[in-house]
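Open the structure in your viewer and keep the selection tool ready.

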Amino acid sequence: MTIAALELKELMEQFHEQGYLVLPNVLPQEKINRLNTAIDEIIAEEPESLAHNIYNSIARHDELASLIDHEAILPLIVNLLGYNIQLHISHLTVRQPNPNDVQTASHSFIDWHQDGPHPKFPSIAGLTATYYIKVCYILSDMSQPNRGNTKVIPGSHKKPYNPNNKDVRQQLDGEVQVCGKPGDVFIFAQNLWHAGSANQSSFTRRQLFLGYSPIWMRPIDYHQADESLLKDASPIRRQLLGQISDNKFKYYVPEDKMVPLKSLLLDS
């Protein structure tokens, strides 16, 4: 799958309006199969649990790392967030069926929130800027609600908003459960109000979140990229792994040669 320039602009407008996008059929079945095989291998190394939340997951398997610079997704992220960016987080979530809404230490469900640090990102007049964007690769059948789907409040990133009840098990006015098939991609802004609902189905939820932020921000789940990821990495992948210069000042004011992602920026 590739995204033409005209379609890219339309998607950007939709993202700015709604705060999220669902892109169908980004990954072919062969790739989905390889990713799920990799996830099987990763989960086999983890303690048994209703819910797995595995951070810095790209360091766990090359198959997951291959999505860092996906050719269909990266141009969209660059044109939404700018070209001086890095990978901010890689978060693999696997949630087993949980019809009784059992809460676990690894978070079988997550209540309504905006992503960000503590204390929170600064806000002006009740609005928080978009500091990073997450790309969710859907790797199990999430085509129906109540399968542990992410819930969102469309447009809640661009207006003062605070839900009266933050319990994800309580339905809010205007909420949407994001549905998709394996290979679809869900993209959302960190300042969009969202939640991770409990999996009340017989299906196991599998989703891989890759987040992107300005390169001058600290990543969430790693201090420095593993050498195994940097070995033989392309210039674009090295940038996304936070390796552009030994001079840290250049992370704020990079030279063009340090940020090859600039080549993906549309002409204004």
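Select arginine 147 and phenylalanine 203: the arginine lies over the face of the phenylalanine ring, 3.7 Å from the ring centre. A charge sits over a ring if NZ of Lys or CZ of Arg is within 6 Å of the ring centre and within 35 degrees of the ring normal. This is a predicted model, in which local features need pLDDT of at least 70 and side-chain atom pairs count only at pLDDT 80 or more, while totals for chains, interfaces and linings use all residues. Residues are numbered from 1 along each chain as its sequence is written, and side-chain values use heavy atoms, leaving out hydrogens and water.

Next come the ring pairs. Rings of Phe, Tyr and Trp (its six-membered ring) pair if their centres lie within 6.5 Å; planes under 30 degrees apart count as stacked, over 60 as edge-to-face and the rest as tilted. By this rule there are seven aromatic pairs.

Select phenylalanine 121 and tyrosine 132. Their ring centres are 6.3 Å apart and their planes stand at 65 degrees, so the pair is edge-to-face. Buried means under 20% relative accessible area, exposed over 50%, partly exposed in between (1.4 Å probe, protein chains only). Phenylalanine 121 is buried at 15%, and tyrosine 132 is buried at 3%.

Move to tryptophan 216 and tyrosine 252. Here the centres are 6.4 Å apart and the planes at 10 degrees, so this pair is stacked. Tryptophan 216 is partly exposed at 41%, whereas tyrosine 252 is exposed at 55%.

Last, select Tyr20, Phe186, Phe188 and Phe209, which ring pairs link into a cluster.
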